[in-house]
Amino acid sequence: MTPRQHKNKLMDIGKSVTDLAKELHQKHPDVSENSLRTMISNMIYKRDYYPRYALYLNTEYGFKFEPLRKQSARQLLKAA
């Protein structure tokens with residue numbers, strides 16, 4: 001899914017990134033809520049992937065977070 005599709009999915013389920021972070025914080029109290037919010041945002045915008053949290057969000061809300069493919073420096077610069 002693209003970042004836009006992820007944001008649309010948030011709108012469809014009526015939740016915000018903060019709401020998801022609060023729910024994850026209840027399941028994983030060892031991680032701060034701010035860190036979880038950052039992790040979710042990173043997964044939405046395809047900056048990083050966290051398998052533990054992606055699995056929960058994929059099964060619970062129907063997101064399709066997937067591991068990132070490695071890109072060469074040339075591809076990263078071209079995309080920027």
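Author: Let's go from the overall fold down to single residues. One thing to keep in mind is that this is a predicted model.

Reader: Okay, what secondary structure does the protein have?

Author: It comes to five helices and zero strands. Following the sequence, you read the pattern α-α-α-α-α. The C-alpha atoms fill a box of roughly 40 × 30 × 20 Å along the principal axes.

Reader: And how much of the protein is buried?

Author: Of the 80 residues, 29% are buried. The accessible surface is about 5,700 Å², and carbon and sulfur atoms account for 49% of that surface.

Reader: What should I look for on the inside?

Author: Here's the general idea: in soluble globular proteins, nonpolar side chains tend to be buried together. In this structure, the largest nonpolar core has 19 residues, and Ile-40, Tyr-53 and Leu-57 have the most contacts inside it. Helix H2 (17-27), helix H3 (33-44) and helix H4 (51-61) each give that core at least two residues.

Reader: Let's pick one of those. Which residues is Tyr-53 in contact with, leaving aside its neighbours within four places in sequence?

Author: With those neighbours set aside, Tyr-53 is in contact with Leu-24, His-28, Val-31, Leu-36, Met-39 and Met-43.

Reader: How do I read a helix that has some residues buried and others exposed?

Author: Think about the geometry first. An α-helix has 3.6 residues a turn, so residues three or four places apart point the same way. Now try H4, whose buried residues are Tyr-53, Ala-54, Tyr-56, Leu-57 and Tyr-61. Looking down the axis of H4, you find these buried residues within an arc of 160°, so they line one face of the helix.

Reader: Which exposed residues sit on the face of H4 turned away from its buried side?

Author: That face carries Pro-51, Leu-55 and Thr-59. The buried residues of H4, on the other hand, pack against helix H1 (3-13), H2 and H3.

Reader: I see His-28 in the contact list of Tyr-53. Is His-28 buried or exposed?

Author: The cut-off for buried is under 20% relative accessible area. His-28 has 14%, so it counts as buried. You'll find His-28 in the loop between H2 and H3. Its side chain makes a polar contact with the side chain of Arg-52, at 3.1 Å. Apart from neighbours within four places in sequence, His-28 is in contact with Arg-52 and Tyr-53.

Reader: What about the whole protein?

Author: Among contacts between residues at least 6 apart in sequence, 40% join residues at least 24 apart.

Reader: Last one: which side chains meet in a salt bridge?

Author: Those of Lys-15 and Glu-23, with 2.7 Å from N to O. The count for this structure is one salt bridge. Lys-15 is partly exposed, because its relative accessibility is 29%.

Notes
Residues numbered from 1 in each chain as written. Predicted model: local features only at pLDDT ≥ 70, side-chain atom pairs only at ≥ 80, totals over all residues. Heavy atoms only, no water. Salt bridge = Lys/Arg side-chain N within 4 Å of Asp/Glu carboxyl O. Buried < 20%, exposed > 50% of the residue type's maximum accessible area, 1.4 Å probe, protein only. Core = buried A, V, L, I, M, F, W, Y, C linked by side-chain atoms within 4.5 Å. Helix = DSSP H or I, 4+ residues; strand = E, 2+ residues; numbered from the N terminus. Contact = heavy atoms within 4.5 Å. Arc of directions from axis to C-beta. Polar contact = N/O pair within 3.5 Å; in protein donor to acceptor, adjacent residues only side chain to side chain. Areas by Shrake-Rupley, 256 points an atom, 1.4 Å probe, with all protein chains shown as cover.
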